[in-house]
Each structure stands twice: as structure tokens, then as C-alpha cells.
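Let's walk through this structure together, starting where two chains meet. Keep the 3D view open as you read.

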Amino acid sequence: MADVLEVTEAGLYCPAGQFWIDPWRRVPRAVITHAHADHARPGCDRYLCAAPGKLVLRSRLGGTVPIDSLRYGESLAINGAHVSFAPAGHILGSAQVRVEHRGTVWVVSGDYKTAADPTCDPIEPVRADVFITESTFGLPIYRWPTSESVAAEINAWWRANQAAGRTSVLLAYSLGKAQRLATMVDASIGPIVAHGSVMKIVRAYRDSGVRLPPIDGVPPRARRVGQGRALVIAPPSVVASAWLRLFGEASIAQASGWMTVRGIRRKRATSQAFVVSDHADFPGLLAVIEATQARRVLVTHGSSASLARLLCQRGVEADVLPTRGATAAAETLSDADHAGGDEPDPPTTAIDFPP
Amino acid sequence: MKPFTELSWRLDAAAEAHDTRAALVDYFRSVPAEDAPTALKILCGRKQSRSISVADLREWATEAAGIPSWLVDECHAHVGDLAETLALILPVAETPGSNQEIPPAPGLTAALLGTADRLQTADGAARKKIVESMWRLLQPQERVVWHKLLCGTFRIVVPQTLLASALAEVAGIDGPQMLERLEARALDSAADYCDLMAPGTAAVRRGPHPFAAPVALDSSIGAAADRPDWQVEWKWEGIRAQVVCRGGVALWTREEELVSDRFPEVVAAAAGLPDSTVLDGVLLALRGSQITGGMALPPRRTRQTLLPRLRSESPWAFVAFDLLEVGGTDLRAEPLAARRDALESLCEDHGHPLLDPLPAAGLLPCPVTPASRLWLSPLLPAPDWSAVEALHASARDRAVGGLVLKPRCGAYATTVTDQLWWAWAVDPLEIDAVLIAAVAGSGRGKRLNSEYAFGVWHNARLVRIASARVGLTDEELAEIDGIVRATIQEKKGPWRGVTPTLVMRLAFRGVAVSTRHESGVVVRSPRIAIWRKNVLPAEAGTLDQLRALIEPGADSLSFQAPLSPPDPQKRLWDD
Ligand SMILES: [Zn+2]
Ligand SMILES: [Zn+2]
């Protein structure tokens, strides 16, 4: 029995359906799990995505390239392969791609999380024969605090900054994390202001029917926006840019799953850090993998080798899926921040408390 | 643990001094009084004890996490810090409130000292239980700090002045005053902390006054000779200390270590002094009717408890040379002459005898031993500079470390002024020794030769007598480094044995008999005087030559001198 999906030069390919999933080269037909830069690359002839994410994908790809969409659960036959999407809970419109061919089901997870997120549909694990899972945070040290407790931390930080007359600048990825954070915080504390790249996605989210609190953009040639009071949400690339000076004295924080590790926090060198991720933590990965009841698991992106080894020890047939895309994406992501990338790989970590 | 954990994280992330200060202010604004002394000790960098090994923690945490050991290694490689890795893999802590039976997370003192006490008396399985029960109460970040504290590897230290400045803001007093309070006081209890933070200006000192430190007199001897008004005293070899009488007698060393319980005979001798009196002087080790040279100082100072055997073997006395405070009157601004008068009359009133100004080879005048253990340092007759020189020349034979010269008009000066004391140490002893090994360098710079070992000849082989590297220029070090690298013969721990080719003249303060050293002698404060480039190894000194230099009094002693010579920077033994 031939595999339903295989890895080719251009990415994960379905021979039966003649389409690629999240290809990293220009291909005739691309099925997209979600609009992050490392998954949705421009230049393909035709795109297929889950319906809730269509406007977001359009805002990322621009132009008039054909984008087809399917509602979650709706199935489409492409050259004899049946394709459908299930929510992945990662960002608006993020999907797991289910491909069925001759009774065998492969599911590509894309990026996913199990934590609640009011800006997108919650993940629905899909029964699969073969499950291709991400493992960005595939080490047992990664376990997220609840959204409520992180929200409380961010609110307390914002209030304390206001009391001290400092603007609160929260660094987060433009697509997904930024909008989710806006819904997490207590908007009654003060104005929420966002960087242009965040505002672009905010509009796409609103147009897609997602309810967000009032968020102001920064007008051109503005001076002193919300100084001392506002929460400013911006991509990490604004650090050390002149743009930040608009807000006067500011406390800068970053929100990322990597912030779990002290050494990585130190490398990123902001005074505050919050552990918030749009990826599954370690228990989340294990729970979703188990829920698929897959007999075979292919692990990609992140700590794939350790996760595969652990799954094997637990009696699941597991392998690392060798994708050039994962590493290539990580390399280019720091440039892609501004365009709204994903969580990049962490820097190599610092050792021990400083002397 | 939560407030201290937050503080640790903020200090860790602090980029500038004002961030550090703000974190400290926030912490001490709300810290419970019982946790504050513990926190202060940690932040001052006081030596931490290790109550558990990280290997034990790793084993138990791996088991509790229910993951294989290789996965812990992978996490460790990713995180870079084992204490933190273990904190992150452990099962999530129980949250108080959700369950009535879960006690609230313990405070810093309870979590650290309380646990350390319990661990000390527990055996293997019980130790594990104690640690596990604590893990259940702590959040991951709290666990990281707790692990490091328990393993003695917590490394966040705040400069004293910054700490004082933050505490001063919280207490509402000024910075220098807080610094003085911090330096002066014992901080062992919540009450001590409340005292520390008490408002008002009248600081009640508990600890010593800052110590006046003599400056080495070497190249400026000529200038000193021109100044007529000197008070000349022996430079006593012992432990510099202040006797502080404030509702009890306390002995404080110059390193601000409270050592009263280690010198009960001295404490007893000072018990009759009026309250609020502070004497400056030196603790001296005695042997029969002799003062021992500093060379043979017994290890009392490092013993936590006083062993009876040690006590009978090595009694101690305090020789006072200055009076800083008497009956609550601060004399430090007074000229030395006035302080000396007050000291002499105080000693006379309380029967503390004056030592013989010209002792023979460390011998004390008979009447003073051993009834009293608090003596008055005598002034030496030095009508002119040649007399001073004669005294200096005789110092080694009298088992004293040299002379101290003090301007009679000077205040008790702890900062750099022109009224400083001068210490004129005895001339160093010297011997030509052969470089026989080097320690492979570690850490920054990775120099090979972080330390050299030297030997002298005995029965046709080289016997190791000392190690040192101070005294060479950087160019010389680089040159020696090359020779050492080229002549390595064997490895022994960190040491690299080399072919003996290099001869150095070692200068040192003294030699004593030692049962701990292969050579049977120990050399005090060795440093490299000069590289003897044209001397062959065969022409270097012998052990017999070294033995001939053993200090008077030090040969008959069975005391164990410190294993390694004291770091000259620390000036542990010298004043
Ligand atoms: Zn991704
Ligand atoms: Zn993504």
C-alpha cells in the first residue's frame, strides 16, 4: 500500500490527489493549514484553506490568486483523494488536513494548541491511521499556565506600569498571538494600541466576524500615542526601532512559550516575559496524539526526535518526518516576524545564574 | 517562597542598577519580617550551605515526573540548568484554596532553613519525602530558586551599597546610615530586621566599627622617617578583631565575622569592661608563656565549635592597641594620643596588664600568664629613626610581624587620609626553588599556568614546598607558560608535572613545621620575588636551608597551619 502522503522537494505531497500541503516551493495546488509565513508561502497557482481563515490568508498573500475554501468538516474530492479540514485551535482558520485515500486516513496537524482561545475554533482531534504532528514544544518542561493566570499577570503588569507612568509594550506575533492577547487582557484598564502589521490582521479578523476589543492603530506622523497608559501590541521586530520611541518611557514584555526557560528569557532581554503560546504544550501534544488513535505518528518541527523516541517507548510506531521546510522556516522567521510569522526556534540557551 | 522568587527573577532580568533597586524596594516593602534576614544574607552573598545534592534531586524529580532519564538529559541540554530543568518537569503544584487540606506555600525562611534543619536529621527515604512534600507546594519558578538555595548554588548577589540604598528608601532613612547599620548589625531574627529598619537617626550599633587598616610601608620609608611624631608598636601576628561590649561581650573580626563563641577566655576577660566600649586589637595564640607567631595559628578560627582539646592546647588572648568607644562615647575622631591615654587608664582600672615592650622570642613576662587574657599593647621606645630601624630588625626574632607606625595626632582613620597607619613588615625570607608543576587554567582566558608549585632539594629529589604565581609580570607569565606547555610530563588532577628547568626566588613571610605537608614544613604567604634565569635547577635551595628559617616558637608546635597559604588579597592573617 502506497503512502497517502510523501515528502518531496517541494514539501508534503499527496500523489493520489496531486496536491501539496503547506509547500515550501511554488506548486500548482497548495492546501494550507494556516496563514503563518512558514506554512502559507506565496507564488502557488491555487490555494485551498479552511473557510474561517480565507480572509486572513488573502491578507497575507494579497493579490487575486485563487483561494478556495471548505468549511470545517466539509469534504472535497481532489483526483480521488478526499480532503477535509478540522479545527486546530492555533489561530483563526487554522486547520488539520485530513486526507483519505482508499480507506486510509492521514491527518496533518499543522500547528495546534489545546488551550482556549476566543479568536478561533477549538481543536477537534481527528481519528487517523497516520498522524503527522508538530512538536514545537515537545519537551516535558513545556507546560502552559492557564490563560486566566497569564491574563492576570499581564493585567497586573499593565496596571503597575500605568501607576509608574510607563507605557506597556507587549511583543507578540502579528497574526494570532496579538489578537488573542487583546482578548485576554482587561480592556477597561486603558487603551489598546497596535502596530501596523498587527492592525492589518485585526481588520482581517474583524471582517471574518471575530469580536475584538477596541484597538487603535498608530496614525502616521503621530507623536506620543497613549503615552504612559496604553498597552501597545507589536511584533518583536520593533525592538530597538525608532517606532518604540513614540510611547515615551516603556516597559517591554514578550509573550511566548519559550519564556518558560529562564536562559531564553535572558537572551531576549526584556524586563518582563509571559508564557503564552499558540502551540500545544507537552501534555497537549500527548493528549492530541492519543486522541487520534493513530497507529503511526510522524513528528515534525521542534523537538521531534525526543518526542518520537518517547512515543516509541510507549508502544506507538513513531518517526521523525524529515522536512526541509521546518528548518528553512526557522531560519527565515526572524525576517518574517514583521510579516507575522510563527514562534521561531529558541536561541541556544544560557547556562546557570550569572556569577 | 513566592515574593523571594519574584525578586530573584526580577534581579535576574534587571539590566540596570535602578531596575535592581526597584525590585529590592518592592520586595522589602512587603517582605514578612521573619523572611527578611534570610533574604538579606542570601543577597549579600553569605556562604551558603548545601543541604542536598543535585544528584538526589535529579533522581527523585525524574521519578516524580514519570519520564525516562534520557529525556531529562535532553531537557537539561535544552534548558542549560539542571535545577531549573527539574523544577519544570515536576508535576504541577497543588493550588491552595482549591483544597482545604493544602497548606499555603511556605515562606523563604521556612522553606530554606526549616527544610535544611529537617533534612539534616533525616535519612534517605525521609529526605526524599521532605523534598517531595515541598515540591507539591511550590510553583516551577519557586522550585528553581528553592533548588538552588538548597544546593548552595544560588548566585544572585547585590552590591552592599545598592542593597543599603533600597533598604534605606523602605525604612525612610538615608543611605549611608543604612549602610552603617547593615555593616554593624547582626541579622539573625525578625527582631534584628525590625531594628535595622527602625526609623530615626540614633542607630544602635551592635557590630564593630569599621576597621582602620595600616598601609604597607616599603618604598615610602624615607618619607616616614621624616615624620617625627610616630607611635611605634609591634605588629602582632594574629587575628585582627574588635572587642565590642554592649550588654555583653562580642568579638568581631575584620571580616565582620562574629567569633565570640570561639574565644570564651577572651570574652570572659573583657566581661568587666564598662558597657558601650569598643577595643581594637589582635587575637593572639599562646603556647605556654609564649606568643606564637602568626605562622602557627591554630585552626580555632575555623572551628564551628570549640573542642576541649584544642582549647587546652591553644589558649588565646587579646592584645588591645586602640580604644574606639568607651562608656558610650565615640573616640574615633579624637587624636591617637588621647585615645591611647584613655586606653591605658581603662586597662589600668580593670587590671589588664601591659605587655613587655621588648619580649625575647615571643616570650611573655611571667606575671601576665595565664590569669588574664586581655592585654595592653606596649608602645616601643623609638626616640629616633635609627631606633625604629633597630626594632624592625629585631622583629623576626621576637616572633612579631614587624612594626606599626601611627601618627599621634591622627584620628581613627578608615578612609584614605594622610593620617594612616603604616605597617612595616619584617623583611621576607627567601629561597631559590624549582618550578615542578602548574595548574591547568580554567575559566576565562584559559591560561595554563593559573598556579605553580615549587620544590627544593632533599635527598637528591625535589620536595614540594609551596605554590604561588604572584610576583611575575605578564610577559614573564607568558614566557613561562610556553616553557611549561613544552615540558609537561604527567597529569595529576588539575596539576601538570613538568621537567624541572625553571628556578624562581620565592619570598615568604615565615616557615613552620607542618604534619600535613610532605616536606614537613609550610611556607607562609609565598610569592615569586624574581625569576632566576641564570640559576640551574641543581643550584636551587634545599629543605635543610628552609628548615633553618623556621620561626622561633613555631618549631615546637603541633598546630596545623592552614592548608594553603592565605590569599594575600584577603589579608586574613595580616594587618
Ligand atoms: Zn508553524
Ligand atoms: Zn503557526
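The contact (heavy atoms within 4.5 Å) draws on 27 residues of chain B and 28 residues of chain A. Together the two chains bury about 2300 Å², with 58% of it on carbon and sulfur atoms; buried area here is the accessible area (1.4 Å probe) that two parts lose on being put together, summed over both. D12(B), W70(B) and H78(B) supply 29% of what chain B buries against chain A, more than any other three residues.

This is a predicted model, in which local features need pLDDT of at least 70 and side-chain atom pairs pLDDT 80 or more, while totals for chains, interfaces and linings use all residues. Residues are numbered from 1 along each chain, chains are lettered from A and ligands numbered from 1 in the order written, and side-chain values use heavy atoms, without hydrogens or water.

D12(B) also pairs with R262(A) in a salt bridge at 2.6 Å, N to O; the term means a side-chain nitrogen of Lys or Arg within 4 Å of a carboxyl oxygen of Asp or Glu. Helix 5 of chain B gives the most to the side that touches chain A, with 7 residues. Helices are DSSP runs of H or I, at least four residues, numbered from the N terminus.

Now look along helix 5 of chain B, residues 69-79: W70(B), L71(B), V72(B), C75(B), H78(B) and V79(B) are its buried residues (under 20% relative accessible area, 1.4 Å probe, protein chains only). Their cover includes helix 5 (262-268) and helix 7 (304-313) of chain A, along with helix 4 (54-65) and helix 6 (82-89) of chain B.

How values were computed. Buried means under 20% relative accessible area, exposed over 50%, partly exposed in between (1.4 Å probe, protein chains only). Helices (H or I, at least four residues) and strands (E, at least two) are DSSP runs, numbered from the N terminus.
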